[in-house]
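Please examine the sequence and the three-dimensional structure shown here. The report that follows is written for a reader who is new to structural description.

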Amino acid sequence: MDNKALADLLFPDSTLTAEDMEKRYPERDLPEGAAVTRIGPSPTGFVHLGNLYNAVIAERIAHQSGGVFYLRIEDTDNKREVEGAVEALISAMDYFGVHFDEGASADGGDNGNYGPYTQSKRREIYHVFAKQLVEQGKAYPCFLTAEEINAIREEQTAAKADPGIYGKYAEANRSLTLDEIKANIAAGKPWVLRYKAEMTDERITVEDAIRGKIDMPRNFMDFVILKSDGIPTYHFAHVVDDHLMRSTHVIRGEDWLPSLPMHVELFNVMGWKQPVYCHTANLMKIDDGGKRKLSKRKDPELALSYYQQEGISRDVVWEFLLTVLNSNYEEWRLANPDTPYLDFPYSIAKMSHSGALFDMDKLRDIAKETICRMDAKTVYDNWLGWCEMYNEQFASLLKKYPERTLAALNVGKSGKKPRKDIETWKQACDFMSFYYDETFTLQDDMNEQASPEIQKQFFAKYLESYDHADDPSAWFDKVKAITEELGFAVKPKDYKKDPDSYKGSIVHITNMLRIALTGRANAPDIHEVSHVLGEDIVRARLSKWA
RNA sequence: GGCCGGUUGGUCAAGCGGUUAAGACUUCGGCCUCUCACGCCGACAACACGAGUUCGAAUCUCGUACCGGUCACCA
């Protein structure tokens, strides 16, 4: 077989050479140890937590080492493509604070010198190397139809052989003569380009940065490298792109592990240096008592859009991901409560090998903890940012009452034991609603605290003696005085011991105040809340009951 | 089924041949307290199983079981 002639027949338009490519995409000029990483999502329109999970790892590895982190769109499967998916992806990544140094951009353009960063635009690049493989006798056109392949598979299944095109099953197409191939092509028969593998029972070992040594059988499959439309499969595109874009580390889910031998094979035959592979564990979820991979159909919390809609802060998601990703993150966080998470020395070696269950309780705890550590202004800005997207009414309230809101966000923040009231921006809108007349609602029943007559008496007396300038202890002394006057126990314990001697306890009295002021019996400190609201609102809300 | 990966409390996990087997979340008690939240104290609860190596194994080896992934002209 004249390989050169075959290559020209198959790729008549491909005139560039591998050397041209090497020149066009030279080694990157980076300091020693700088990592080049990427994410390579396919634009299906659904951005999920796993995308972010791997993105965070790749971003950390690159930026922590002073390297480059880029975005490559892997759209070699046009059947799955969804319009607007790239924009959605970039904006989601942006929302969660993952920024690319180079790569595809939302407007369809490119950023950086190693592009195009969209695989569908790299056709001629792949063809250069595909042609080279044909010339070297390492690849051949295959005219097998889907039916023929199915028949082979059935035969293999019956014989308990490995399914696939290899060895004797590949013979028919491997041994086609140049003339036969010419005739097939002239007849318009579609063909794919297959890698010509050696039948072997050798094994390969790969040093995975997360899992350590991995021992696998060497590839013996004649896998497809170019589909009949001339577009490469993932395997071929991955190897060509990561070489040419000079990736040093490939971070991807563990579901790629089984195809690793193909990639190793390609890197070897091309004579290229393998990147460091980092196969991450998949996030799992409990379902019917069993563990399973998170699925986009069944698990809404898998979609990144879920976190945006719920108003789960970017920082919360990072904190959560980092605790899941790096086993020593929590420890570090405890020791460095005020250090930004980007200062955490992330390490691949500390990653878990097994799939972590997605734990909503843990996320909620991290959320409270994280937001609690933010100062009021940061909370305000983040919250407002979310409201502008998802809750216009609240956005306008926050903008109308910035000072009151800031003061409200500072309630219970001083001291060693700050309150942890806010989990999500959505829930914040609910929790904080009583600070604004526009959203104030009565949620608890005043009559559960005392009879209407006592309510009237109490509020009248309270208003009468109310001095907005009182400090907390002066204020509370007055409350106690009224409590006693009305025949209520000043000490809750006294009432508990001897309920018949009192009409109630001070708890009932203060709860009335809370309900009048906040609409609910459970709320932050009354004195503090009163001062956030201001004297006018306090008197207005209380007067209704007097 | 073949290949690959994984297996420490309910969940996430530390552990790297000698530990009373950390810690966090959850749950449940209790304390603090004008409610709630916070905080504090405490409790429950784990090395999948079986061999082997070793004076000694959660840690090393082998096997078994279970869970997961993957076997496309999808990524």
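Predicted model: local features only at pLDDT ≥ 70, side-chain atom pairs only at ≥ 80, totals over all residues.

Residues are numbered from 1 along each chain as its sequence is written, and chains are lettered from A and ligands numbered from 1 in the order in which they are written.

## Two sheets

Helices (H or I, at least four residues) and strands (E, at least two) are DSSP runs, numbered from the N terminus. Two strands pair if DSSP finds at least two bridges between them. Strands of a sheet pair through backbone hydrogen bonds, either parallel or antiparallel.

One open sheet has 4 strands in the order β1-β2-β3-β4, with mixed pairing. At its edges stand β1 (36-39) and β4 (110-111), each with a single partner strand, so one side of each has no neighbour in the sheet. Helix α3 packs on this sheet and touches β1 and β2. The direction of α3 makes about 165 degrees with that of β1; such angles run from 0 to 180 degrees between N-to-C directions, with axes fitted to C-alpha atoms, for helices over the stretch in contact.

Another open sheet has 3 strands in the order β5-β6-β9, and its pairing is antiparallel. Here the edge strands are β5 (139-142) and β9 (224-226), each pairing on one side only.

| Strand pair | Sense | Bridges | Partner residues |
|---|---|---|---|
| β1 and β2 | parallel | 4 | Val36 and Val68 |
| β6 and β9 | antiparallel | 2 | Arg194 and Val224 |

In a regular strand the side chains alternate between the two faces of the sheet. In β1, Val36 and Arg38 point one way and Thr37 and Ile39 the other way, and all are buried. A residue is buried if 20 or more other C-beta atoms, placed from the backbone, lie within 10 Å of its own.

## Nonpolar cores

A nonpolar core is a set of buried Ala, Val, Leu, Ile, Met, Phe, Trp, Tyr and Cys residues joined through C-beta atoms within 7 Å. The largest core has 89 residues, of which Leu52, Val56, Ala58, Val317 and Leu321 touch the most other members. Helix α3 (residues 49-64) gives the largest share, 9 residues. Leaving aside residues up to four places away in sequence, Leu52 touches Phe96, Val98, Leu304 and Leu321; contact means that the C-beta atoms, placed from the backbone, lie within 7 Å. A second, separate core of 33 residues includes Val192, Tyr195, Phe223 and Ile225.

## Around the RNA strand

Which residues are the closest to RNA strand B? Among the 64 residues that surround RNA strand B, these are Glu74, Asp77, Ser327, Ser352 and Ser354. A residue is near the strand if its C-beta atom, placed from the backbone, lies within 6 Å of it. Helix α22 gives the most to this surface, with 5 residues. Leu513 has its place in α22 and is buried, with 24 other C-beta atoms within 10 Å. Leu513 and Leu542 are 29 residues apart in sequence and 7.8 Å apart in space, C-alpha to C-alpha.

## Helix α20

The 14 residues of helix α20 (residues 472-485) should span 20 Å at 1.5 Å a residue, and the end C-alpha atoms are 20 Å apart, which agrees. The expected span is 1.5 Å times one less than the number of residues. Just after α20, Gly487 takes a positive phi of about 85 degrees.

Definitions and conventions: Buried ≥ 20, exposed ≤ 12 C-beta atoms within 10 Å, placed from the backbone. Contact = placed C-beta atoms within 7 Å.
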